[in-house]
Amino acid sequence: MLLYDYVNMCKQMGIVPVTDSNSLKREHDVTARIYNGWKSEQFTKELTEKFAKVHEKLSKYAYSDDRLVVVVPETPQDLVNEGRGNRNCVARYIDSYAKGKSEIFFIRKKDEPEKSYITIETYDNGEDLSQAFYASNQPINNVDDLDFITKWLIHNKEVNTKAH
C-alpha cells in the first residue's frame with residue numbers, strides 16, 4: 001500500500017519515483033509532504049481561476065447608491081473572510097460559487113467597504129433572492145437596506161434584459 005501510494009503521488013506530480021533508496025517509508029513521507037503542498041497549490045490555482053471567471057460574469061451586477069455598495073467576491077479567501085466577518089457559513093459555498101452554481105454577493109456600507117454587512121445569495125442570473133442576512137444570519141429588518149436590495153434586484157433584471 002505504501003509503494004502504491006508513493007508511486008501514485010509521483011505520477012500525479014509528474015516526477016520519477018526514486019528507486020535506489022534504502023527506505024521506502026522515508027521516500028513516501030518526503031513525497032507526501034511535497035505532494036500535499038503541490039496539491040494545495042494546484043487546488044488554489046484552479047479555484048482562483050474559476051473564481052475569476054465567475055467574478056467576471058457577476059460583475060455586471062455591480063450596484064451602489066449613496067450609502068451601500070454591492071461587492072462581487074473575487075477569490076475563495078473573500079468568502080472565508082465574509083464568513084468570519086459576518087459570522088455565517090458562506091465559506092461552505094466556495095465550491096458551488098466556483099462552479100457557477102451559487103451567486104454570492106456582499107453588501108457593504110460605502111464608508112466601511114472592507115467590513116462585512118450583508119451577505120446575499122441570488123439565483124436566476126442575479127434576479128431572484130435566495131437568501132440575505134446580516135451577521136449571524138439575522139434577518140434584514142432595516143427598511144432602507146430592504147429598499148436597496150429591491151432596487152438592486154430590479155437593476156439586475158434590467159442588466160439581463162439589455163444583454164438579450
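User: How many bridges join strand 3 to strand 4, and do they run parallel or antiparallel?

Analyst: Happy to start there, with the reminder that this is a predicted model. Strand 3 is joined to strand 4 by five bridges, and the two run antiparallel.

User: Which residue in the turn of the hairpin formed by strand 3 and strand 4 has a positive phi?

Analyst: The hairpin leaves four residues between strand 3 and strand 4.

User: Is T122 buried or exposed?

Analyst: T122 is found in strand 3. Leaving aside neighbours within four places in sequence, T122 is in contact with residues including F105, L129, W152 and L153. The cut-off for buried is under 20% relative accessible area. Because T122 has a relative accessibility of 2%, it counts as buried.

User: Which side chain does T122 join in a polar contact?

Analyst: Good one to follow up! E103 is among the residues in contact with T122. Their side chains are joined by a polar contact of 2.6 Å, so the partner you asked for is E103.

User: What distance between its end C-alpha atoms does helix 5 have, and what span should it have?

Analyst: Helix 5 covers residues 143-163, which is 21 residues. At 1.5 Å a residue, helix 5 should span 30 Å, and this agrees with the distance between its end C-alpha atoms, 30 Å.

User: Within what arc do the buried residues of helix 5 fall?

Analyst: The buried residues of helix 5 include F148, W152, L153, H155 and V159. They line one face of the helix, because seen down its axis they fall within an arc of 160 degrees.

User: Which exposed residues does the face of helix 5 turned away from its buried side carry?

Analyst: Let's take both sides in turn. The cover over the buried residues of helix 5 includes strand 1, strand 2, strand 3 and strand 4. The face turned away from that buried side carries the exposed residues V143, T161 and K162.

User: Which residue caps the N-terminal end of helix 5?

Analyst: Look for a side-chain oxygen that lies 2.7 Å from the backbone nitrogen of D144. The residue with that oxygen, capping the N-terminal end of helix 5, is N142.

Note on methods. Residues numbered from 1 in each chain as written. Predicted model: local features only at pLDDT ≥ 70, side-chain atom pairs only at ≥ 80, totals over all residues. Heavy atoms only, no water. Expected span 1.5 Å × (residues − 1). Buried < 20%, exposed > 50% of the residue type's maximum accessible area, 1.4 Å probe, protein only. Arc of directions from axis to C-beta. Contact = heavy atoms within 4.5 Å. Polar contact = N/O pair within 3.5 Å; in protein donor to acceptor, adjacent residues only side chain to side chain. Pairing = 2+ DSSP bridges.
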